[in-house]
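Reader: I'm new to this one and would like to go through it slowly. Could you put it up so that I can ask as we go?

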Amino acid sequence: MWICDEDRFNWYCDIPPEAEPTDSPTENPEAKALREEVEAVAALKALREDAERKRALAIIKPTPENLKRYIVAQEALMDRASVFSDVWRRVIWANPELNYQLRNPSNNAAIQVRDTQRSRKASETLAGLAGEWGIFFFFRSDCPYCHRLAPTLKWLSEQYGIAVFPISLDGGGLPEFPQPSRDNGMAAALGVTVVPLVVLGNVKDRRLLPIGSGVLSAQEIVERIYILTQTRPGELY
């Protein structure tokens with residue numbers, strides 16, 4: 001009668017060991033999920049802290065035994081990460097609505113299809129905006145980059161019928177825009193510090209949407225106008 005399991009106190013051998021916690025039959029799914037999340041956070045933190053402790057010891061005292069213990073701990077974390085990655089891709093395959101690649105593909109064939117469709121939509125959009133929107137072009141006559149951008153804006157105006165309003169900060173003109181408007185304070189209101197600067201403006205409600213500065217290609221300008229006027233932030237990502 002005096003023989004007792006060594007894990008128990010001698011005088012309380014009749015007390016059964018604590019049972020493993022089980023899910024309460026009345027526990028709702030939300031509470032259960034929250035409890036499991038809290039437990040998972042604690043378990044993951046413990047694993048990382050254990051690996052970090054072993055790493056620190058291996059760096060301070062790089063003995064073969066310390067390094068072995070750290071490598072084992074690190075391999076355990078990597079194994080968990082590998083399983084997580086594998087299950088992740090299986091879930092993506094089974095749930096197309098979660099597949100980011102369908103919205104923003106990474107393979108070359110799909111990228112070409114996406115870019116072709118987007119360029120077509122952008123071109124159609126620019127042609128449709130010509131009645132309400134115009135492009136303000138801030139420049140200086142002695143700016144070589146302004147000289148390089150001017151033909152592009154001239155071509156866009158002729159191609160899509162969108163008006164370009166050249167605004168000279170020094171009063172001089174460019175070959176494509178020999179009679180620009182002088183700055184009437186608009187540049188200061190927009191905080192223009194760099195030229196060339198291209199700004200999209202709505203002639204009805206007077207909205208101003210900066211497109212960009214520096215030398216931009218026609219494709220870049222068309223795409224940015226499409227993004228600024230036809231999409232919401234984050235929609236294309």
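Reader: Which residue in S4 does isoleucine 135 stand opposite?

Author: In this predicted model, isoleucine 135 stands opposite leucine 200 in S4. That pair belongs to the pairing of strand S1, residues 133–139, with S4, which runs in the antiparallel sense over six bridges.

Reader: And how do S4 and S5 pair?

Author: S4 and S5 also pair in the antiparallel sense, over five bridges, and within that pairing leucine 197 stands opposite serine 213 in S5. The two strands form a hairpin with five residues between them, and arginine 206 in the turn has a positive phi of about 65°.

Reader: Is S4 buried or exposed, then?

Author: Six of the six residues of strand S4, which covers residues 197–202, are buried, so the strand is largely enclosed by the rest of the structure. Both of its faces are covered, with Leu197, Val199 and Gly201 buried on one side and Val198, Leu200 and Asn202 buried on the other.

Reader: Why would the residues split into two sets like that?

Author: In a regular strand, side chains alternate between the two faces of the sheet.

Reader: What is the order of the strands in the whole sheet?

Author: The sheet is open and has five strands, in the order S3-S2-S1-S4-S5, with mixed pairing. Its edge strands are S3, at 181–182, and S5, at 208–213, each of which pairs on one side only.

Reader: Which strands pair in the parallel sense over two bridges?

Author: Those are strand S2, residues 163–168, and S3. Here serine 168 has arginine 182 in S3 as its bridge partner.

Reader: Changing topic: where does cysteine 146 lie, and is this residue buried or exposed?

Author: Cysteine 146 lies in helix H5, which spans residues 144–160, and with a relative accessible area of 0% this cysteine is buried.

Reader: What does cysteine 146 touch, apart from residues up to four places away in sequence?

Author: With those left out, cysteine 146 touches Phe137, Phe139, Arg140, Leu174, Val195 and Pro196. Cysteine 146 and proline 196 are 50 residues apart in sequence, yet their C-alpha atoms are 5.2 Å apart in space.

Reader: Now helix H2, please. Which backbone oxygen lies 2.9 Å from a polar atom of the side chain of asparagine 66?

Author: That is the backbone oxygen of lysine 61. Asparagine 66 itself lies in helix H2, residues 64–94, and counts as buried because its relative accessibility is 12%, where the cut-off is under 20%. Leaving aside neighbours within four places in sequence, asparagine 66 is in contact with Lys54, Leu57, Ala58 and Lys61.

Reader: And how exposed is valine 91?

Author: Valine 91, which also lies in helix H2, is partly exposed, with a relative accessible area of 36%. Together with Val83, Val87 and Leu98, valine 91 forms a nonpolar patch on the surface, and the four residues have about 330 Å² of accessible area together.

Reader: Stepping back, how many helices and strands does the protein have?

Author: The protein has seven helices and five strands, and along the sequence they follow the pattern α-α-α-α-β-α-β-β-α-β-β-α. Of its 237 residues, 24% count as buried, while the protein exposes about 17000 Å², with carbon and sulfur atoms supplying 56% of that area. Among contacts between residues at least 6 apart in sequence, 59% join residues at least 24 apart.

Conventions: Residues are numbered from 1 along each chain as its sequence is written. This is a predicted model: local features need pLDDT of at least 70, side-chain atom pairs count only at pLDDT 80 or more; totals for chains, interfaces and linings use all residues. Side-chain values use heavy atoms; hydrogens and water are left out. Helices (H or I, at least four residues) and strands (E, at least two) are DSSP runs, numbered from the N terminus. Buried means under 20% relative accessible area, exposed over 50%, partly exposed in between (1.4 Å probe, protein chains only). A polar contact is a pair of N or O atoms within 3.5 Å; within protein, one must be able to donate a hydrogen and the other to accept it, and residues adjacent in sequence count only if both atoms are side-chain atoms. Contact means heavy atoms within 4.5 Å. Patches are made of residues with over 30% relative accessible area and no salt bridge: like charges are joined within 9 Å, nonpolar side chains (Val, Leu, Ile, Met, Phe, Trp, Tyr) within 5 Å. Accessible areas come from the Shrake-Rupley method with a 1.4 Å probe; for residues, only the protein chains shown count as cover. A salt bridge is a side-chain nitrogen of Lys or Arg within 4 Å of a carboxyl oxygen of Asp or Glu. Two strands pair if DSSP finds at least two bridges between them.
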